[in-house]
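Good morning. I have one structure to go through today, and I will keep to what can be read from the model.

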Amino acid sequence: MSALAENLRAVRARVDAAARAAGRDPAAVGLLAVSKTWPADDVRALAALGQRDFGENRAQELTGKAAELADVDLRWHFVGQVQRNKAAAVARLGAVVHSLDRAALVGVLGRVGEETGRPVEVYLQADLGGPEGELAARGGARPDELPALADAVAGQPGLRLLGLMAVAPRGEDPAAAFARLAELSARLRADHPEAGGISAGMSGDLEAAVAAGSTLVRVGTAIFGARPLPSPSDAAHQPRESHQSHGPLGSE
Ligand SMILES: *Cc1c(COP(=O)(O)O)cnc(C)c1O
């Protein structure tokens, strides 16, 4: 079995085990493979293994990979911070947007959904708090901003509200952070019963996220291998020439 196949199998097994441990149906937890920094060929190999959902966090990288892989039946997800001037391009690709965190994006994304006749699916990104500095870097709306944002999205015919997305703040027990997310999700569902999705959990904390009710985990490192250390502005813009193996897995 290839390293990618083995990693994918192992991650799916982790998700399934976490779901069963929480008394949940493993089929109720989706797996989004976050392919940022990895070449289109890796996505193609995973697609051949049955993986259909892939995530990127930069509009340019998403656009490029989607074009390269136009012949494969994939569902793209955008998990990075949405820049207003690139939001429409992301939405036109049919990508699910996980990071709607401010009202200014509602109209931009909604117009694409109206134009194409295919509503843009969105999660509201929630800021779960945490050590200073973490918030600005990761994005997300404050919990008290979520109800108005949800109403704005629900009132926009070009958008479909799927639920909430969040990243657990570093330096905090992820179980505590994801418990807050579950509470926010329950509150959201009281007003918007259709928006029951929870996009949460990454390579290092997916068990805690699934235990707290995640319906979609976003996993990069545990499937593809360790990314090059982020150098603030350009690391993710420079895809590697090649990489021989996908393991062993490291953390960021
Ligand atoms: C990169 C990324 C992931 C995947 O993180 P890993 O730790 O590599 O699994 C998930 N969500 C978001 C928003 C990301 O940017």
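First, the ground rules. This is a predicted model, in which local features need pLDDT of at least 70, side-chain atom pairs count only at pLDDT 80 or more, and totals for chains, interfaces and linings use all residues. Residues are numbered from 1 along each chain as its sequence is written, and side-chain values use heavy atoms, with hydrogens and water left out.

pLDDT is the predictor's confidence in each residue, from 0 to 100. The mean pLDDT of the protein is 90, and 87% of the residues reach 70 or more. Over residues 233–252 the pLDDT is below 50, and this stretch has 32 contacts in the model beyond near neighbours in sequence. Contact means heavy atoms within 4.5 Å.

Now the overall build. The protein has ten helices and eight strands. Helices (H or I, at least four residues) and strands (E, at least two) are DSSP runs, numbered from the N terminus. Of the 252 residues, 50% are buried. Buried means under 20% relative accessible area, exposed over 50%, and partly exposed in between, with a 1.4 Å probe and protein chains only. Taking contacts with a separation of 6 or more, 60% are between residues 24 or more positions apart.

Next, helix H5, residues 104–116. Which residues of H5 are buried? They are Leu 105, Val 106, Val 108, Leu 109, Gly 110, Val 112 and Gly 113. Their cover includes helices H4 (84–92) and H7 (146–154), and strands E4 (96–100), E5 (120–125) and E6 (159–165). After H5 comes Gly 117, with a positive phi near 75°.

Two single residues now. Val 29 sits in the loop between helix H1 (3–21) and strand E1 (30–34). Is Val 29 buried or exposed? Its relative accessible area is 1%, so Val 29 is buried. Not counting residues up to four places away in sequence, Val 29 touches a set that includes Arg 12, Val 15, Ala 19, Val 210 and Leu 216.

Lys 65 belongs to helix H3, residues 59–68. Lys 65 counts as buried because its relative accessible area is 6%. Which side chain does the side chain of Lys 65 join in a polar contact of 2.8 Å? It is that of Glu 56. A polar contact is a pair of N or O atoms within 3.5 Å; within protein, one must be able to donate a hydrogen and the other to accept it, and residues adjacent in sequence count only if both atoms are side-chain atoms. A polar atom of the Lys 65 side chain also lies 2.8 Å from the backbone oxygen of Ser 35.

Last, the ligand. The residues around the ligand include Val 34, Lys 36, Met 165, Gly 220 and Arg 227; near here means a heavy atom within 4 Å. By class, this shell has five nonpolar, three polar and three charged residues. Ligand oxygen atoms come 2.7 Å from an N or O atom in the side chain of Lys 36, and 2.8 Å from one in the side chain of Arg 227.

That is what I have. Questions, please.

Technical notes: Ala, Val, Leu, Ile, Met, Phe, Trp, Tyr, Cys and Pro count as nonpolar, Asp, Glu, Lys and Arg as charged, and the others, Gly among them, as polar.
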